[in-house]
Each structure stands twice: as structure tokens, then as C-alpha cells.
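Here are some notes from going through the model you sent over.

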Amino acid sequence: MQNLLRKIGLSEKMSRNFWGIMIIAFAGAIIYGLPYFRYDYYDAYLQVYNLTDAQMGVFGSILGVFGMISYLFGGIVCDRFSTRTILTVSLIGTGLGGFVHLLPLSYTALICLYAFWGCSSLFAFWPCCIKAVRVLTGADDQGKAFGFFEGGRGIGAALMASGAVFAFKIGAGAVEDQVAGMKAAIIFYSVLTIVMGILAWFTVKDGKMEESDKISFKGIGELIKMPAVWIIGLATLCNYVMTLSIYYFTPYLTEILGASVVFGAALAAGKRWLSLLGSVGGGYITDKIGAGRIIFISFLVMAAGTIAMLALPQNSGSVLIFVILFFVVYTFYNVNYAMTWSMMDEGAIPEKLSGTAAGLISTVGYLPEIFISLVAGYTLDAIPGYGGYKTYFTFVIVMMLAGAVVSLIWMKMTKKNKAKAEEK
């Protein structure tokens, strides 16, 4: 197997650790199944737990707020303790929370559960995933490593979602019992998450850090002073706007262009399989031309693609062209989602500080989690029809162009740093 991996351009180190990276990738998809599965079963979830739309929105805000707090401090924890232990505890803890969800919980109890999931799935888990992929890979394979990581996450999410639908249908049975179906889906997610925790323990080998390698407050101060950390954070923020805006392309397709709801749902599900193409393909290109260039190109393509979608005639005859443009935008979005993490190596961020750096970057980069749904919801309510979507997508286009500018600043900075290094 290692010989095959070497033939497709992977280094010896990455070939040796390839399956470990894939386990981390699948774990990085599966752990978010429980905190976010309510979106896939929105109406059934409201009915089963007797909730309002506003109460459902509160769960998302709780995860967002806990995420911002967790990323900042979780990264520091990640750099001070065993990566393998943190990944395992996070996965198993999240899975056990799923079994708690099977109990007849009140709204207040559900809030507490989502707060727990905010800690277990976000606190140190995500920074540890980023650090583990970086440590398990050589400097020349950072693009491919994060490409396979994000591609694996996309495939893992697609397979998990399909399995959950199957579990729901079996649980609901011929009488379509929503409560039984929901419980079956929760059990599926819970068992799968715990199993991934066990696999992570046996496949992720991080060794034992020496005391001298553990991050100190001095190291944190040095990291905060690095422009590379904040530029990567801004690039991540711009791209994360598209992450959360992708959900609004489907209702645009059905409400404005007249596609059926079933067609829109199929498009939303099918897009996940494109993540492998964008992430892995982008990884190979990045290792040849650099992260800054490919990210710059991707931001421009996403902006141009969104402009083209808005320019289409507002009728069913535009559906096919819209779908093609959507796939192009989604593919390049996946390029950026994976490659922004490869910028850490290009920006010379010390490997031993990877967890803390990922935490700081995520704190800045994932800020849209708090406000994007509010901005989109308010805009679409205030300006019904095409006008609302045009206004909101114009905001998205501006953010993509801002990301392109950030990429230009990055390329100028790294070029300057490279010239200085060569002079020494």
C-alpha cells in the first residue's frame, strides 16, 4: 500500500501515516454528526422535542459561542497534552452525550447538552486534528495532507449522513414513527462516534512530549505577534462566510428558479461528494504553486461564479447552468477550506505551536458562525424574493473579493520573508 501511495506523489512520512490521517479525517466529520444532525431532520426534531424555530436557533448560537471560547483555550490545551488522548476523550464523550439525548429531556436540559457538545466536539478536538495532520506529514506534503484530510471529512460526512437516513427509516418503520426514527438515528450517530474514538486511540501515535516542548506563555506571546496567524485567520473568515452561505443556494434554486424541493435536496446531498475533488486536487496544486496562489484563484472563482448565478434569468430554464456554476463554486470552496491550513507551514509557524495557532486562527476564522445566519435571515425576511437573495449574495461576493485581497497580502509577505531567509 505504501508503494502505491508513493507512486501518487506522497512522501515516505505521509505514506507511513496515511491511514492515521484518514482516521482523523473521518473522526473530524463524525464527531459533528450529533451536534448538527438536527438540521437534516429539522421538522421531525421540532415535533419530537416540541420545540419552536427560535429554540432551535438557540442551540446553534450556543455551539457558536462555546466554539469561540473553546478554540482559543483548546488550542493551548492541545499543545500541552497528548493529541491521541484529547481526540479519544472528545469522540467518546460526544458519543455518550448522544445516549443522554435519548432520555426525555426538557428544553433546559437540551441547552445543557448542546453546551456540553460545544465543549466536547469543539474545545481541543479541532485544533488537535489540525496539529495531528501537520505532525504526521512532511513539509513538502502539507497541501496534499490537508487535501486528503478535508476530502476524507467530506466523504465521511456523506457516508455518515446516508447511514443515518437508513437508520431513521428502519427505526420509523412502515408506520413512519418519527420518535422511533429519531432515536434510531441518534443511536447510530452515538455508536459510530464512540467507535471512532476507540480507533483514534489505536491509530494516532503522537508520542509523549518532553517538558521543554510544551507551549509556554512566552510561546503564546510570540505566536500572537506573528502576522501569519492573523492573515490565515482572515482568509479562513472570508472562506467560512461561503461555508455558511452554501446552504442558501438551494432555496434560491427552488424559490427563485423554480426547481423542485426534491431536486434541491438531492443537490444539497450530492455536493458533499465533490469535496474530495476540490480538497485533494487543490492539495496537489498547492504543493506545486503555493497556498497563497491557489487560494487567491479560488476566491476569484467563487466571486465570479456567484455573480454569474445572480445574472441568470429567473426561470426553470436556468436550472442546469445554475447547477454547473454551483458545482464549480463548491469545488473551489473546498480547495480553500483545506488549503488555508497548509498556510501554517508556508508561514513558518512552529510545528510544536500548531494546536495553539489553530485555536487562534479558528477563533477569528469561525466568527461568521455567530452572525451569518442572522444577517441572511434578516435580509431574506426584509427583502422578499430575488431582491433579498441578490442583496445577501452581493455581501458574499464582497467577502470573496476581500479574501482575494488577503491572499495577495499573504503572497507579498511570504515572498518578502523568503527573500530575507535567502540573504542570511
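1. Start with α16 and α18, which cross in a right-handed sense. Keep in mind that this is a predicted model. Helix α16 covers residues 275-289, and its axis runs 7 Å from that of α18, at an angle of about 50 degrees. That angle makes the α16 helix oblique to α18.

2. α18 (residues 319-346) also packs against α17, and here the angle is about 155 degrees, with the axes 8 Å apart. Anything over 145 degrees counts as roughly antiparallel, so that is the label for α17 and α18. The crossing of α17 with α18 is left-handed. If you're wondering what sits in that contact, the count by class is 19 nonpolar, seven polar and one charged residues.

3. Next, the second largest pocket, with a volume of about 490 Å³. Its lining has 13 residues, and those closest to the centre are E346, M411, T414, K415 and K418. Which helix gives the largest share of that lining? It's α21, with five residues. Both α17 (291-311) and α21 (386-423) supply at least two lining residues each. Sorted by class, the lining of this pocket comes out as four nonpolar, five polar and four charged residues.

4. Two backbone spots deserve a look while you have the model open. As a reminder, most residues other than glycine have a negative phi. N50 has a positive one, near 55 degrees. You'll find N50 in the loop that links α5 (42-49) to α6 (53-78). Is N50 buried or exposed? Its relative accessible area is 69%, and exposed means over 50%, so N50 is exposed.

5. The other spot is A348, again not a glycine and again with a positive phi, this time near 60 degrees. A348 belongs to the loop between α18 and α19 (354-365). With a relative accessible area of 57%, A348 counts as exposed too.

6. Last, a loop proline. P104 sits between α7 (83-101) and α8 (107-122). The relative accessible area of P104 is 82%, so this residue is exposed.

Note on methods:
Residues are numbered from 1 along each chain as its sequence is written. This is a predicted model: local features need pLDDT of at least 70, side-chain atom pairs count only at pLDDT 80 or more; totals for chains, interfaces and linings use all residues. Side-chain values use heavy atoms; hydrogens and water are left out. On a 1 Å grid over the protein atoms alone, a cavity is a set of points where a 1.4 Å probe fits but cannot get out, and a pocket is an open set with protein on both sides within 12 Å along at least five of seven lines; lining residues have an atom within 4 Å of a point. Grid points are joined across faces, edges and corners, and a volume is the space filled by probe spheres set on the points. Helices (H or I, at least four residues) and strands (E, at least two) are DSSP runs, numbered from the N terminus. Ala, Val, Leu, Ile, Met, Phe, Trp, Tyr, Cys and Pro count as nonpolar, Asp, Glu, Lys and Arg as charged, and the others, Gly among them, as polar. Buried means under 20% relative accessible area, exposed over 50%, partly exposed in between (1.4 Å probe, protein chains only). Axes are lines fitted to C-alpha atoms, for helices over the stretch in contact, and angles run from 0 to 180 degrees between N-to-C directions. Angles under 35 degrees count as roughly parallel, over 145 as roughly antiparallel, 65 to 115 as roughly perpendicular and the rest as oblique. A crossing is left-handed if the near helix is turned anticlockwise from the far one by less than a right angle, and right-handed if clockwise.
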